[in-house]
Amino acid sequence: MIYLDNAATTAVKPEVLEAMMPYFIENYSNPSSVYSFAQESHNIVDEARDTLAALIHAKGNEIYFTGGGSEADNWALKAAAAASRAKGKHIITSKIEHHAVLHTCEFLEKQGFDVTYLDVDENGLISPEELERAIRPDTILISIMFANNEIGTIEPVKELAETAHRHGVIFHTDAVQAFGHVPINVEDMNIDMLSASGHKFHGPKGIGFLYVSNRIKIGSLIHGGAQERGKRAGTLNVPGIVGMSKAASIAYEAMSENIAKEIRVRDHFIDRISKEIPFAKLNGDRIKRLSNNVNFSLRFVEGESVLIMLDQKGICASSGSACTSGSLDPSHVLLAIGLPHEIAHGSLRITISEDTTIEDADYTVDVLKVIIERLRNMSPLYEDFVRQQAENKL
Ligand SMILES: *Cc1c(COP(=O)(O)O)cnc(C)c1O
């Protein structure tokens, strides 16, 4: 099997699992208990919190553990909106956010908030000038993702956050695809809130965190016990927290090496597909791009058919985000960068890991070429197109 869907989830590293194991059977204590048996799990959670905080240049008491990226996004937006309600009801986000942000914004609209969804350019970039023009006296929150999960575009977060701060507006970023993959410094970048998720950087699923700067006061997400400084009650997921922190440490240690490895394989994919498959268009910015992301529109084919045929050859890829697959609507991200419906339908997302090899890429492109040719030969649209081209030449 060749796994090329690392934006959907990643494999847990053996060292990560090993770090988690003692907290299932040997020390299963509740970190909130008082006896000494619980001291170890209490300490290891504190340590994990400090480790994660240090990686983004935050403080331990600015990290709140959550059940993943979606929960962190929901909490950030709902809490920031509620806390600033007296000041205003205007929120700004973008058209290419993950559904965890977009659907939360739609929920907030039903609660009486007014949301502006910023356009992006043809590469998926959000312009700080356009953001500035959208800010109003009643704007209370701006949420723009760090890097896009479908097309891999890395946003100018520092400039966007600076713009927000110039107008005294809170800046949140969904960094689920970025954390562990690109360096992030919340201090230098003016980020007030940031969401991350363990399973996107070789940690376990169902654990994530929300960074909230001490400058910002937010309300509780879950009422109950005093965990997470009273803001998110519930017994802590000790193995998950330990695993996420271990995975983050490994990712940060190897970050520049991994980026270099991935760029080599990514660019090999991009070069071969561009050269060898006709009518293939790269989506997303060529330079400001995650090192693990390849996204192409392949005219005259259905993305779903390509995925099924790749699967028959043992290759796991995606046509957009895992959350939209199964629905027949084309990706909101591809529509936002200006692709017409029929071209957005024929898109393929390949997201590699540091373990993906050039051989994996070569095998995949060889298989893909055959699949695309076979599908196009069955396509009446393609037949018409070829006939028209021939007529134009005469
Ligand atoms: C995966 C993802 C999420 C959701 O994270 P979960 O931990 O799966 O809830 C949110 N935003 C982005 C950009 C993602 O890629």
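A polar contact is a pair of N or O atoms within 3.5 Å; within protein, one atom must be able to donate a hydrogen and the other to accept it, and residues adjacent in sequence count only if both atoms are side-chain atoms. The structure examined here is a predicted model, in which local features need pLDDT of at least 70 and side-chain atom pairs count only at pLDDT 80 or more, while totals for chains, interfaces and linings use all residues. Residues are numbered from 1 along each chain as its sequence is written, and side-chain values use heavy atoms, with hydrogens and water left out.

An oxygen atom of the ligand is 2.8 Å from a polar backbone atom of G69. The side chain of D174 places an N or O atom 2.7 Å from a ligand nitrogen, and the side chain of Q177 places an N or O atom 2.7 Å from a ligand oxygen. Taken alone, the ligand exposes 390 Å², of which the protein buries 87% (accessible areas by the Shrake-Rupley method with a 1.4 Å probe).

The shell around the ligand has 13 residues, the closest being S70, D174, Q177, S197 and K200; a residue belongs to it if one of its heavy atoms lies within 4 Å. By class, two are nonpolar, eight polar and three charged. Here Ala, Val, Leu, Ile, Met, Phe, Trp, Tyr, Cys and Pro count as nonpolar, Asp, Glu, Lys and Arg as charged, and the others, Gly among them, as polar. Helix 3 (residues 69–83) gives the largest share of the shell, three residues; helices (H or I, at least four residues) and strands (E, at least two) are DSSP runs, numbered from the N terminus.

On a 1 Å grid over the protein atoms alone, a cavity is a set of points where a 1.4 Å probe fits but cannot get out, whereas a pocket is an open set with protein on both sides within 12 Å along at least five of seven lines; lining residues have an atom within 4 Å of a point. Grid points are joined across faces, edges and corners, and a volume is the space filled by probe spheres set on the points.

The largest pocket holds about 280 Å³, and its lining includes R299, F300, E342 and H345. Two cavities of 30 Å³ or more are found. The largest cavity holds about 150 Å³ and is lined by 17 residues, with G180, H181, N258, E262 and E354 nearest its centre. Helix 8 contributes the largest share of this lining, four residues.
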